[in-house]
Amino acid sequence: MRSLRVELDAAPQSLDTAIRLADSYIEYGRQIGDAHYAGYAEAVIGPWLTGAAPSARVLLTEATLLQYRHQFDAARELLQATLRLDAGNAQAWLTLATLDMVQGRYETARKDCAAVMSTAGLELGGACLGNVLSYTGQARQSLALLRQSARSADRVSAAYQAWIDGLTAEAAERLGDWPLAEAHYRSALQLLPHDNFLLVAYADFLLDRGRPGEVPPLLADHAQSDTAYLRLALAQAALHNPDAPRYVWMMAARFEALRQRGSEYFGREEARFALQLQHDPQTALEMAKRNWAAQRAPWDARVLLEAALAAHQPRAADGVVAFIAQTRLEDPLVLSLARQLAQALQQAANR
């Protein structure tokens, strides 16, 4: 990033350098979980968005930035504009597929993945489709596709293999195959040991398996990430560590700082924090409902179900329960919560 910054300062009209620097900022910020780098990327790419019609490359970089910030509607508009200019842009199709999956638009995501397959080949397109299948009741087929993508690709990068391992771990979790999921999380982290997304996903896995003692050493060097710090706070609370209240106070301060900056990146995390660490189910429920309006990944469903149960308002999660049935989501933890809600509603009806 430093060398690209020097290069851009020497030739500020170089679009190629500006895009490479902005993309580097976005990717590095994603890897370490630091949203400040999104601001640096915005400053670099901003001048190219004004004036003459922006190129497809500029639009794609800005769309990636907006998606990272969870400004999904604006990101979708720019991705569609990108594809109008360059219909064969595989990265734009893949980013659009990811966005559609985050928002629970799985049929549209399948079409996006088909476009990835036609523009970038069977391996990348198959991995894309495999990811969709893991969300729609076809996790076993997902695993088969992901294994095929891993085997078929020649001379893959560490980042690509880690991506496949991460998707495989998630698909294994859908099936409740905890040993397989853990093996692939570990494999991914051997390839990308500082990747914030992988670290946080594996920390969640450990917390769910009742192994909070393994979370602090995993995340000790990553406390600058707000999402990682939340997992540290959850682990310290589970361990009944005397320092746990300090972690809770610091996490609350971090969320307040994000709000002061107008950020709404972490609706799911805020709901989880309110429920599990502040023990405020009503606030958690309101946050989880707002978050569900924007994104509908399995963890988003889980947080809303947990909050509805804790707040004794099972009807508040009716939309989630319907979504789970419609998409045929396989997830033993989410489905268990849905059954608990159904029981709560039955008990209420019998009173």
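Me: Which residues in H6 meet residues in H8?
Reply: Contact is counted when heavy atoms lie within 4.5 Å. On the H6 side, Leu94, Ala97 and Met101 take part, and they meet Leu124, Cys128, Asn131 and Val132 in H8. This is a predicted model, in which local features need pLDDT of at least 70 and side-chain atom pairs count only at pLDDT 80 or more, while totals for chains, interfaces and linings use all residues. Residues are numbered from 1 along each chain as its sequence is written, and side-chain values use heavy atoms, with hydrogens and water left out.

Me: How many residues in the contact of H6 with H8 are nonpolar, polar or charged?
Reply: The contact of H6 with H8 has 6 nonpolar residues, 1 polar residue and no charged residues. Here Ala, Val, Leu, Ile, Met, Phe, Trp, Tyr, Cys and Pro count as nonpolar, Asp, Glu, Lys and Arg as charged, and the others, Gly among them, as polar.

Me: At what angle do helix H6 and helix H8 pack?
Reply: Two packed helices are described by the angle between their axes and by the distance between those axes. Helix H6 covers residues 90-102 and helix H8 covers residues 122-133; they pack at about 5°, and their axes are 11 Å apart. H6 is therefore roughly parallel to H8 (angles under 35 degrees count as roughly parallel). The axes are lines fitted to C-alpha atoms over the stretch in contact, and angles run from 0 to 180 degrees between N-to-C directions. Helices are DSSP runs (H or I, at least four residues), numbered from the N terminus.

Me: Is Gly29 buried or exposed?
Reply: Gly29 has 0% relative accessibility, so Gly29 counts as buried (buried means under 20% relative accessible area, exposed over 50%, partly exposed in between, with a 1.4 Å probe and protein chains only). Gly29 belongs to helix H2, residues 15-32. Apart from neighbours within four places in sequence, Gly29 is in contact with Asp34, Tyr37 and Tyr68. Its C-alpha atom is separated by 9.6 Å from that of Tyr40, 11 residues apart along the chain.

Me: Which residues does Gln67 touch?
Reply: Not counting residues up to four places away in sequence, Gln67 touches Phe72, Ala75, Thr95, Thr98 and Leu99. Gln67 sits in helix H4, residues 56-68, and its 14% relative accessibility makes it buried.

Me: Where is the place of Ala223?
Reply: Ala223 is in the loop between helix H13 (215-219) and H14. With a relative accessible area of 25%, Ala223 is partly exposed. Tyr229, Leu232 and Arg254 are touched by Ala223, again not counting residues up to four places away in sequence. The C-alpha atoms of Ala223 and Gly33 are separated by 9.4 Å, although these residues are 190 apart along the chain.

Me: What is the phi of His279?
Reply: Most residues other than glycine have a negative phi. The phi of His279 is near 55°, a positive value in a residue that is not glycine. His279 lies in the loop between H16 and helix H17 (281-294), and at 61% relative accessibility it counts as exposed.

Me: What about the phi of Arg328, and where is Arg328 found?
Reply: Arg328 has a positive phi of about 60° although it is not a glycine. The loop between helix H19 (318-327) and helix H20 (332-350) holds Arg328. Its relative accessible area is 52%, so Arg328 is exposed.

Terms used. Helix = DSSP H or I, 4+ residues; strand = E, 2+ residues; numbered from the N terminus. Parallel < 35°, antiparallel > 145°, perpendicular 65-115°, else oblique.
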